[in-house]
Amino acid sequence: MKVLILAPRLDCMFKEGPVPDVEGPPNDPIRVHWAKLVQCLKKDHEEKGDTVEILKKPLWQFTPEDICTRNPDLAYIPHKEAHSFPIPEIENIDVLYYHQTVFPWRFYIDKQGWAGGASVKGEDIMEMGMNNAHDRFDQLRKYSLSGGTKFAQPPHKKLFPAIIPNLRDYVLFPCQIPHDETIKYHSRVTVEEALKQTIHHCRRSNKFLIVKGHPVNPGSMEPLKKICSQQGITYIDDMPIHQLFERAKHVVCVNSGTGMEALLHHKNVITFGDCEYNVVTRNIETGLKSGPYAQPKLAKFFDGWCKWTYNTSPGFC
């Protein structure tokens with residue numbers, strides 16, 4: 001079988017931008033895993049006797065024609081989904097789309113897309129998991145409780161801000177980047193709308209709300225900060241997400257990978273959008289009156305999720 005792997009250059013932006021004449025090292029430590037995935041896939045296929053071609057370009061320069069003109073039997077396409085990067089059926093090429101998960105060494109690989117856009121849904125993942133299989137859940141939980149996370153976070157604070165020194169029961173809303181593709185393609189609710197609904201339901205339920213800014217793109221947080229300012233809501237951007245998890249009773253997001261991290265902290269997670277883990281989350285209408293799912297169900301989900309996603313780091317979950 002002839003296999004084509006599209007490998008994005010990791011020394012430049014994934015969105016359209018300048019491209020160095022000479023390829024350099026990855027411009028972000030978490031991108032190392034993208035290169036590792038390509039090598040793992042190459043090795044897997046070559047061990048089966050397949051012929052593998054790797055085409056490397058800046059991500060935004062890839063086109064369907066790159067695949068069709070090479071006419072492989074199977075093509076791997078990064079950071080895209082079938083609706084945004086379609087390959088005509090007449091070409092008779094099998095296509096798999098790949099994307100990094102919230103745990104950077106693990107990747108979605110799917111015929112349709114990633115996360116909430118994949119062909120596999122939460123119920124399917126639960127079916128893949130085994131009852132009483134806690135090893136993968138325990139490893140991921142240990143990673144998360146120790147402060148492991150995809151994006152760099154602010155340093156740990158010794159004390160909470162003065163406004164919440166003894167608060168033990170609050171709702172945490174970790175912001176997502178409003179223009180992110182997982183919002184654009186996997187949710188009918190915007191981040192702004194989700195925040196406004198969360199504020200409404202917290203007030204109706206007499207719950208204290210804390211909003212956490214996204215660490216990667218502070219500029220995109222301005223509309224969300226404005227909503228918090230107008231509504232008198234506490235907005236924090238100088239504390240790590242795991243420290244805020246510690247005292248939170250509920251975590252609300254649209255469909256962020258942060259929701260999966262919160263599940264590992266055994267928090268009650270509420271989601272608005274499509275995500276593969278919504279089989280273990282609740283909706284905002286009833287969620288603030290609920291507690292987290294039982295740990296055996298969470299463990300079964302994460303066991304199935306680890307079986308579904310691709311691990312580039314053997315020896316770790």
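**Figure 1. Helix α9 gives the most to the lining of the largest pocket, with 3 residues.** The model shown is predicted. Besides α9 (257–264), β4 (94–100) and α5 (181–186) each supply at least two residues of this lining.

**Figure 2. The largest pocket has a volume of about 1,400 Å³.** It is lined by 47 residues. Closest to the pocket centre are H79, K150, F151, I177 and D180.

**Figure 3. The lining of the largest pocket contains nonpolar, polar and charged residues.** Nonpolar residues number 19.

**Figure 4. Helices α6 and α7 cross at roughly 25°.** Helix α6 spans residues 191–204, and helix α7 spans residues 222–231. Their axes come within 10 Å. Angles under 35 degrees count as roughly parallel, so α6 is roughly parallel to α7. The crossing of the two helices is right-handed.

**Figure 5. Residues of α6 meet residues of α7.** On the α6 side, the contact is made by V191, E192, L195, K196, I199 and R203. On the α7 side, P223, L224, I227, C228 and Q231 take part. By class, this contact has 7 nonpolar residues, 1 polar residue and 3 charged residues.

Notes. Residues numbered from 1 in each chain as written. Predicted model: local features only at pLDDT ≥ 70, side-chain atom pairs only at ≥ 80, totals over all residues. Heavy atoms only, no water. Axes fitted to C-alpha atoms, helices over the stretch in contact; angles between N-to-C directions. Helix = DSSP H or I, 4+ residues; strand = E, 2+ residues; numbered from the N terminus. Parallel < 35°, antiparallel > 145°, perpendicular 65-115°, else oblique. Left-handed = near helix turned anticlockwise from the far one by under 90°. Contact = heavy atoms within 4.5 Å. Nonpolar A, V, L, I, M, F, W, Y, C, P; charged D, E, K, R; others polar. 1 Å grid on protein atoms, 1.4 Å probe; cavity = no way out; pocket = protein on both sides within 12 Å on 5 of 7 lines; lining within 4 Å. Points joined across faces, edges and corners; volume = space filled by probe spheres on them.
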